[in-house]
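Here's a quick tour of how one fold is put together. Have a look at the structure before reading on.

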Amino acid sequence: MSSKKRIVALQGDGIGPEIMAEALKVIGWFNENAGTDIEVSKGDIGGMCIDKHGVPLDDATLEACRKADAVLLAAVGGPKWDKVDYNIRPEAGLLKLRKELDLFANLRPAKVFDALVDASTLKPEIVRGLDILIVRELTGGVYFGQPRGIETLENGERRGVNTQVYTTSEILRVARVAFDLAKKRQNRVCSCEKANVMESGKLWREEVTALHDAEYKDVALSHMYADNCAMQLLRNPAQFDVIVTDNLFGDILSDEAAMLTGSLGMLPSASLGAADENGRRAALYEPIHGSAPDIAGKGAANPLAIILSIAMMFRYSFDLGEEADRLEQAVEAVLGKGLRTADIMSKGCTRLSTEDMGRALLDTLAEGASASKAAASA
Ligand code: NAD
């Protein structure tokens, strides 16, 4: 890689510092051994930021994140901050970061590693080889639409209101992300809504179709009602490549897809903003799990979800597809050796601490590097 990349690492709370330490060793390995030039600076977020600055995201960290090529976050939150004011709770820091960077596309891969196929509650033959990417619209729809609120009617009844609302540009920008990503995968996009009962869904379908016909004819597009998608994810998940959907349906479908893999400690995510004229996007990479306060400080956390988030960062922010493949293959190889943290432990495997899992991954990366050197000189 020719150009320097700058990232901000936000370790946050709970198991955050433990998994971030292993993640940074992986980035260090790539810098030393694979020609990357990634400069890491650290910032504060979540509960530890409240303790230090009185707010869950301080201005200096936000500014650094704005200027960075990507942000890598571990996790925020924990019982220590359960009683702080709602507006400055640890999670508010993360929400602010997403909002300020206008991260409208949330990418949630659900990939089943062969070695973990038995961790799923579905039959191995249904989930083996599964590799889905859900692209969820993250900043619009019913979670943000106006009017919203709870009101008391004249007859004394109460009424709760939320509004599902999407504009053409909101639909097009997230659909574009899905089509572009599909091109780097199996070239298939399934767009999900409820066009049968919701006008916003009808608009969603029309706009996605028009964009496809105008710019992405080479990508296979299908449409599915979101309720059917929920069923199909359990019946035949392998039919999907990229699923693009709105904020509400994406929230539900991405959690459902995640559970197909059966292991929270293995799942990365990315949230992307709009591309500027140079193709550069604001981007946040983080595992989907939380700060796991129940195991914090015990060396029991699985660092692979944040490490797989680095692979996503390589692929989607730095265009380092080969390095991303290399990292994902190393994770697969570590699992293939029967090495496990407690959360994914199974019979006959060796249980490792967070740090030992990080070290096993670096050793496996090094083995891969020397094997490819040997092959090149043969
Ligand atoms: P959680 O994801 O932290 O933990 C759920 C369960 O999974 C726990 O038993 C935990 O030990 C386990 N687990 C999670 N990650 C693991 C890992 N990497 N390795 C091994 N085991 C792992 O969810 P929770 O318990 O509902 O929430 C705990 C805190 O995290 C709360 O304060 C919550 O608000 C916060 N949270 C933060 C984020 C985020 O930072 N993006 C996301 C979800 C929850």
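What follows covers the sheet, the helices on it and the nonpolar cores.

Keep in mind that this is a predicted model. Start with the sheet: 10 strands make up an open sheet with mixed pairing, running β2-β1-β3-β12-β11-β4-β5-β10-β8-β9. At its edges sit β2 (38-43) and β9 (220-225), each of which pairs on one side only. From one strand to the next, the twist averages 20 degrees.

Inside that order, β3 (residues 70-75) and β12 (residues 281-287) pair in the parallel sense over two bridges. Val71 has Leu284 in β12 as its bridge partner.

| Helix | Strands touched | Angle |
|---|---|---|
| α8 (residues 226-235) | β5 (131-137), β8 (188-193), β9, β10 (242-245) | about 100 degrees with β9 |
| α10 (residues 304-316) | β1 (5-12), β2, β3, β4 (105-111), β5, β11 (268-275), β12 | about 160 degrees with β12 |

Now for the cores. The largest nonpolar core has 73 residues, and Leu107, Val135, Tyr285 and Leu327 have the most contacts inside it. Helix α10 gives the most to this core, with 10 residues. Both domain 1 (1-108 + 275-378) and domain 2 (131-260) supply at least three residues each.

Take Leu107 as an example: leaving aside neighbours within four places in sequence, its contacts include Leu133, Val135, Leu272, Met312 and Tyr316. There's also a second, separate core of 19 residues, with Ala110, Leu130, Ala226 and Ile243 among them.

Key: Residues numbered from 1 in each chain as written. Predicted model: local features only at pLDDT ≥ 70, side-chain atom pairs only at ≥ 80, totals over all residues. Heavy atoms only, no water. Pairing = 2+ DSSP bridges. Helix = DSSP H or I, 4+ residues; strand = E, 2+ residues; numbered from the N terminus. Axes fitted to C-alpha atoms, helices over the stretch in contact; angles between N-to-C directions. Contact = heavy atoms within 4.5 Å. Core = buried A, V, L, I, M, F, W, Y, C linked by side-chain atoms within 4.5 Å. Buried < 20%, exposed > 50% of the residue type's maximum accessible area, 1.4 Å probe, protein only. Domains from an automatic or database assignment.
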